Amino acid sequence: MSAWLLPDQIADVLPSEARHIEDLRRALLDTARAYGYELVIPPMIEHLDSLLTGTGEALDLQTFKLVDQLSGRSLGLRADTTPQVARIDAHLLNRQGLTRLCYCGPVLHARVDRPFGTREPLQLGAEIYGHAGREADLEVIELAQASLAAAGLQQQTIDLGDVRIVDSLLAGLALEPAAVARIHAALAAKNSAELDALSRELPAEVRSSLLALPELYGGPEILAEAARRLRPSPLLERALGDLRWLADQLSGANLSFDLADLRGYAYYTGVRFSLFAGQAGRLQELVRGGRYDEVGGVFGRKRPAVGFSLDLKELVSAAAAPALQAAIRAPWGQEPGLRAAIAGLRAAGETVVCVLPGHEHEVDEFHCNRALVAQDGAWVVQPLAA
């Protein structure tokens, strides 16, 4: 085996793709800034209890762990940035009003969470802290839409759900956390046989509601069907009411609903959403987000929170490849006029590639469609033949 092989699901990013990623990173952070989001840069590594407290088993299994040689404490390489941003909001900024934060940086996963995935996503996200109302949910969804549009992905589908629907059905039951987790897993997998087995000892109305959930997916009409088929409660009414309101506000978008969708980390507490987009009708899930009002509680300041995240590497694979950057080919030389001409072109925003003596310049990212040549005692730019 070659000593230069990388670990499974870890890969280098080569020039053209790296430039595409960087261009998208700038575009999406600028989009978030236009909405009033401030950039933060949390560290890659933290004490393990800070990273994982309150996030559930799924994130624990995704996190690489090691021991700090200075303190002897357990450390973790972040698998998700949201708990870190919650810590910044609760413990460092400690603002009284609304806080909008965004971030972009690598995360590490101990295992891939989807076929052909990477264990080193480049996670970009945006989060609002301090507002419990559904207006914040709507703003975050609209920012996620704008982010995909900034990547050139106009054809989008928004899939909505709400974890309070399941919470409303299980409320008041004396169930162990492990039993609740098994029910959640069966719902997330739409495993009706497993759900049937797990719910046999539950009250009839609860059992029939749980068994109905995997069938409650489709368009906005699903919300009315859910109100008819699920055990009524004030919590269920609030959840369905919020989804109806979001459907009205997003009426121009392509919407779907999946009321049994409980995938992801355990800190979601309300509305959840996914955005699907792609090229030529081939849609893939690119954005996940939702409300997680409990996530800051472990840092001593529980605040309403809602946000989303995406993997820029995955986004690049779905977006159309950009055209090669136009460039000017120039000879290498020390003649002052030549060096001044090259410097002037670069200062004006042009890419100038100097051909070093005895070499051609092999590139994946640039298209040299012009050349800098000497003409009548001056250096001028001329087009190159195709």
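I began with a side-chain pair in this predicted model: the side chains of Asp80 and Gln123 make a polar contact at 2.9 Å.

Next I asked myself: is Asp80 buried or exposed? I found Asp80 buried, at 4% relative accessibility. I then traced Asp80 to the loop between strand 4 (74-77) and helix 4 (82-93).

I turned to the UniProt record, an unreviewed entry, for the "binding site" feature. The record places that feature at Asp80, Thr81, Thr82, Gln123, Glu127, Arg263, Tyr267 and Tyr268. From this set, Arg263 is taken into the lining of the largest cavity.

I located Arg263 in the loop between strand 9 (254-258) and strand 10 (271-279). With 28% relative accessibility, Arg263 counts as partly exposed. I listed the contacts of Arg263, leaving aside neighbours within four places in sequence, and noted Ala188, Arg272, Ser274, Glu285 and Arg288.

How many disulfides does a search of the whole structure find? I got zero.

I wanted to know why, so I checked Cys354: its closest cysteine sulfur is in Cys368, 10 Å away, and that is too far for a bond. A disulfide would need the two sulfur atoms within 2.5 Å.

How values were computed: Residues numbered from 1 in each chain as written. Predicted model: local features only at pLDDT ≥ 70, side-chain atom pairs only at ≥ 80, totals over all residues. Heavy atoms only, no water. UniProt positions renumbered as here; feature names shortened; annotations may be inferred. 1 Å grid on protein atoms, 1.4 Å probe; cavity = no way out; pocket = protein on both sides within 12 Å on 5 of 7 lines; lining within 4 Å. Helix = DSSP H or I, 4+ residues; strand = E, 2+ residues; numbered from the N terminus. Buried < 20%, exposed > 50% of the residue type's maximum accessible area, 1.4 Å probe, protein only. Polar contact = N/O pair within 3.5 Å; in protein donor to acceptor, adjacent residues only side chain to side chain. Contact = heavy atoms within 4.5 Å.
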